[in-house]
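Student: Could we go through this one together, starting with the overall build and then the details?

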There are 2 protein chains.
Amino acid sequence: MTEKQQDVIFVGNKPPMSYVLAIITSLSSGNLKEITLKARGQAITTAVDVAEIARSRFIKDLKVTKIAIGTAEMPPREGENKSRMVSTIEITLSK
Amino acid sequence: MTEKQQDVIFVGNKPPMSYVLAIITSLSSGNLKEITLKARGQAITTAVDVAEIARSRFIKDLKVTKIAIGTAEMPPREGENKSRMVSTIEITLSK
């Protein structure tokens, strides 16, 4: 664990502050320098909120070093027979 | 108008396809090579959807050349006296 230099946090439908706290915890735990937030669908907005809150209010030396968007295929909902496409985002934050 | 090389589309709460059509219209109208989508709050997810749909289904040579996130201050809602912070995104698409 202490060797790990990179971490991923999956952002879902919890309040943004729970993910901000996860970032703070990860970054203060040791030699971790970089965290990637991953989200899809409506959680994309939450991921952007989390990055902005962490950066502007809590960890001043945190920088957004990479943002990538994409599309993922989701299994069909119950009762449907077509898979759905959802947008995804990955935001990398570095100290 | 025909001299313009860059355009901005503000993404709000219409269905994603209306913004995709706006992109297609802009890019087919002449020498425009670059379009920036701007969105804030919940419309951030829509902006990512719009970029992904335009790129994967309609304009194959369109590339995401820049993504920036930020925070904007919004005026207080009626009956409140504190301004609110909202997250923003800018996605630049180029041919």
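Student: What should I know before reading any numbers?

Tutor: This is a predicted model, in which local features need pLDDT of at least 70 and side-chain atom pairs count only at pLDDT 80 or more, while totals for chains, interfaces and linings use all residues. Residues are numbered from 1 along each chain as its sequence is written, chains are lettered from A and ligands numbered from 1 in the order in which they are written, and side-chain values use heavy atoms, with hydrogens and water left out.

Student: OK, which pattern does chain A follow along the sequence?

Tutor: Chain A reads β-α-β-α-β-β, with 2 helices and 4 strands, where helices (H or I, at least four residues) and strands (E, at least two) are DSSP runs numbered from the N terminus. Its C-alpha atoms fill a box of roughly 45 × 30 × 20 Å along the principal axes.

Student: And how much of chain A counts as buried?

Tutor: Of its 95 residues, 42% count as buried, a term that means under 20% relative accessible area, with exposed being over 50% and partly exposed in between (1.4 Å probe, protein chains only).

Student: Switching to the interface, how many residues of chain A are in contact with chain B?

Tutor: There are 18 residues of chain A in contact with 18 residues of chain B, contact being heavy atoms within 4.5 Å. The two chains bury about 1400 Å² between them, 61% of it on carbon and sulfur atoms; buried area is the accessible area (1.4 Å probe) that two parts lose on being put together, summed over both. On the side of chain A, the residues that lose the most area to chain B are A:Thr45, A:Ile67 and A:Ile69, together 40% of what that side buries.

Student: How many salt bridges are there between chain A and chain B?

Tutor: The count is 0, taking a salt bridge as a side-chain nitrogen of Lys or Arg within 4 Å of a carboxyl oxygen of Asp or Glu.

Student: What about A:Arg55 and A:Glu52?

Tutor: Their side chains also meet in a salt bridge, at 2.7 Å from N to O, and, being 3 residues apart in helix H2 of chain A, they are separated by about one helical turn. A:Arg55 is partly exposed at 28% relative accessibility, whereas A:Glu52 is buried at 3%.

Student: Last one: is A:Ser94 buried or exposed?

Tutor: A:Ser94, which is found in strand S4 of chain A, counts as buried at 11% relative accessibility.
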